[in-house]
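Subject: A structure for you to look at

Hi there,

Here is the structure I promised to pass on to you. Please open it next to this message, and then read on for what turned up.

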Amino acid sequence: MAITKKIRDFFEENQDKFKDKKVYVFSIALLFFCFYLLVLSFDPASNKVSFLVGQVSDRDIIAPNTISYIDEKETLKIQHETLANIADVYDLDVGITDSSEKQLRETFRTTDQIISSLNSNKDSQNTADTNTHTQSADQAVESLSKNLPISLPNNVVATMLSLDETSRFKCEENIKFFLYKYLQQGIRENEVDKIKQQILTEIEKLDLSQREKIVVVTITNELIRANFIYNSEETQKRKDNALKDIKPVRKTVKKDQVIVRKGDIVTPEQISVMEKIGLHTSSSDTQRIAGNALFIVLMMGAAMLYLFKFSKTIYDSRQYLALIWIIIFITVILAKVSSYLSIFIAPIALGSILAAVLLNSRIAILVCIIVAMFMGVISEEGLRPIAMALFGGLAGIYGNSVYTRGHSLIRAGVFVAFVNFSIIISTGLIYQLDNTQILTDAIYGIIGGILAAIMSIGLLPFFENSFNITSTTKLVDLTKPSNPLLQRLLLEAPGTYHHSIIIGNMAETAATAVKANSILTRVGAYYHDVGKLKRPYFFAENQIAGENPHDEMAPYLSNLVINSHVDDGVELCKEYNLPEVIINFVREHHGTTLASFFYQKALSLENSEKVSENDFRYKGPKPQSKETAILMLADSCEASVRSLDKPTYNKIQMMVRKIIKARLDDGQLDECDLTLKDLTVIGNVFVRILSSMFHTRVEYPQDLNKKEKEDNNENSNK
């Protein structure tokens, strides 16, 4: 308790030093940034080494745990080999064969026509005219070159014109043979030159004249071209299908397996294995620390933006900000220490559970995410610890969100243990780990979940007292009849105790209906009148046999006694170390309302001009929250309905509406968050409860007989 008092005093004493909100936020963030960086970067038990390929090992490198990993190099090698064995896909273009045959026919038919025309001209001309004959031959070459479907040199065209019909037929048939032979089997783009060279060799062996060979070679080379077209889409599709069938090469290193022996020359494969299991580092400590620092800045910056945007109340509270960073820090330290045995035994859900109990579920989710990210830095087992921290933390938050009056922290621990077990099993199967290791890690996860709950129970009072926070768990403890102050109230002022229980039921039900804090409202109702313990018999509910001391007292003195129960209650609450939120119910449950009975009595005894209304009002303050306002209305309505003669449903309803309207008109509800709709709902709840409490009892036959006898006796006496 002394430690918690010192922490609380520290915040109160140094609050003035950080009047500027930005200075405080920066200072507290810088402090915990240093803490986080120290925890994440400092690793005295690190067994990492830094080897170069070809270096002689000065020690045995042994695997600390069984780990399964994907060998990317081996997988990539298999992929390359598979792709190399997949032939490119080519489509045969039959149109090229038809086009080449057509061009061949047109070439020789055009040649036949030109020769036929040339012979006709010779017959009609004088054979002695040499110049005319030469001119006619040149014209024939030129005409044939223009009309051919393919481009041929003039000397080849002239040679074709000089061949007789039989030679031309032989040339055409040989060319057709080569076209059929090679185009039918298909020619790729990169094979054209090779095919042409092969055709030239074959033509040299044919029984043809030199002129015929020239014609055959030239025309064949012109008509032979690639007719196997590369199909890139189909080729890529086959490669993709082949890659899909290739499974990553997974290798497993057993615990205590020797990876490198002392004196061995370190190979690239050994370095790769050490990197996979986290035993080798190629970077310097400076680089690693810089990376950790940047990561921490990003996480803390994102958290502050989240608080600023979605939880301004927490962001504006100096103590709550410090509390969040402390919870995360403690959780990270525990995870770091636990990682030397097994990261899965770490009570990682501790931070989420504490944040959910002390603050709220939204902040708890933020803490859960930050802790999960830090787990990825602490542990080198990839997805498994991150998933466990995230889902285990969410399970802890859920375990507290369904909290009523049971053992929520124990239930939260059971939830966390179950989720940890499930996540570790599933991720172990994903990584194809050894069954023994999966089961061992899962058992560690169960232990970690239970530890998180146990440590939450132990740390909760420390945080509650240090940061002056009243958690739901503490509120539930205050409702137990064994509480010393409630025990005194029961024994010394039983009427007030009974009244407080009734008000607690009414206020809690109304608070639930308008989505206020119902358990807080009930606890506040239990303690709102503890000040009456100082003078219990001055209050009507504790008076016996109708004796009322106020009958013999001046109204001013009576008012002083009645009003003093508020201050007396505050003193008693502080004496019994009740939280400030409960003390607020004592201060505010009457607000600044008027003690109308004594005010009216004073008016009847004195001159009205001498009686000041302010002298008979409570000093307040007015209710500042929904919960204290609901208590004020419940207290007033219960007392007013109790004073009704033969209460009926209509009378109770009218009285409740009247009291609520009076408090509203008097300005008692000006400083709380209740809306007119809330007041209507609260009124309906009060009417329902009070009607069931103060209904008119039906007289049974025996009661009627008894009453008749009493009347007869009375008449006889008369």
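**Salt bridges**

Arg522 and Glu508 form a salt bridge, with 2.5 Å between the closest N and O atoms (a salt bridge is a side-chain nitrogen of Lys or Arg within 4 Å of a carboxyl oxygen of Asp or Glu). This pair links distant parts of the chain, as Arg522 sits in helix 23 (residues 518–527) and Glu508 in helix 22 (residues 494–513), 14 residues apart. Helices here are DSSP runs of H or I with at least four residues, numbered from the N terminus. Both Arg522 and Glu508 are buried; buried means under 20% relative accessible area, exposed over 50%, and partly exposed in between (1.4 Å probe, protein chains only).

Before going further, a word on the source: this is a predicted model, where local features need pLDDT of at least 70 and side-chain atom pairs count only at pLDDT 80 or more, while totals for chains, interfaces and linings use all residues. Residues are numbered from 1 along each chain as its sequence is written, and side-chain values use heavy atoms, with hydrogens and water left out.

Side chains of opposite charge can pair when their charged atoms come close. How many salt bridges does the rule count? The count comes to 25 salt bridges. Another one joins Asp568 and Arg535, at 2.9 Å from N to O. Asp568 lies in helix 24 (residues 555–575) and Arg535 in the loop between helix 23 and helix 24, so this pair ties together parts that are 33 residues apart in sequence. Is Asp568 buried or exposed? Asp568 is buried, at 10% relative accessible area, while Arg535 is partly exposed at 34%.

Arg488 and Glu492 make a salt bridge too, their closest N and O atoms being 3.1 Å apart. They are four residues apart in helix 21 (residues 484–492), so about one helical turn separates them. Arg488 is partly exposed at 25% relative accessibility, and Glu492 is partly exposed at 33%. There is also a network of salt bridges that links Arg109, Asp112, Arg168 and Glu172.

**A nonpolar patch**

On the surface, Phe421, Leu439, Ile443, Ile446, Ile447, Ile450, Leu451 and Ile454 form a nonpolar patch with about 630 Å² of accessible area together. Patch residues have over 30% relative accessible area and no salt bridge; like charges are joined within 9 Å, and nonpolar side chains (Val, Leu, Ile, Met, Phe, Trp, Tyr) within 5 Å. Accessible areas come from the Shrake-Rupley method with a 1.4 Å probe, and for residues only the protein chains shown count as cover. Helix 19 (residues 435–466) gives the largest share of the patch, seven residues. Ile447 is found in helix 19 and is partly exposed, at 37%.

**Two parts that meet**

Gly301 is in helix 12 (residues 285–310) and is partly exposed, at 31% relative accessibility. Gly301 and Ala29 are 272 residues apart in sequence, and their C-alpha atoms are 9.2 Å apart in space.

Have a look at these spots, and write back with any questions!

Best wishes

Notes. Helices (H or I, at least four residues) and strands (E, at least two) are DSSP runs, numbered from the N terminus.
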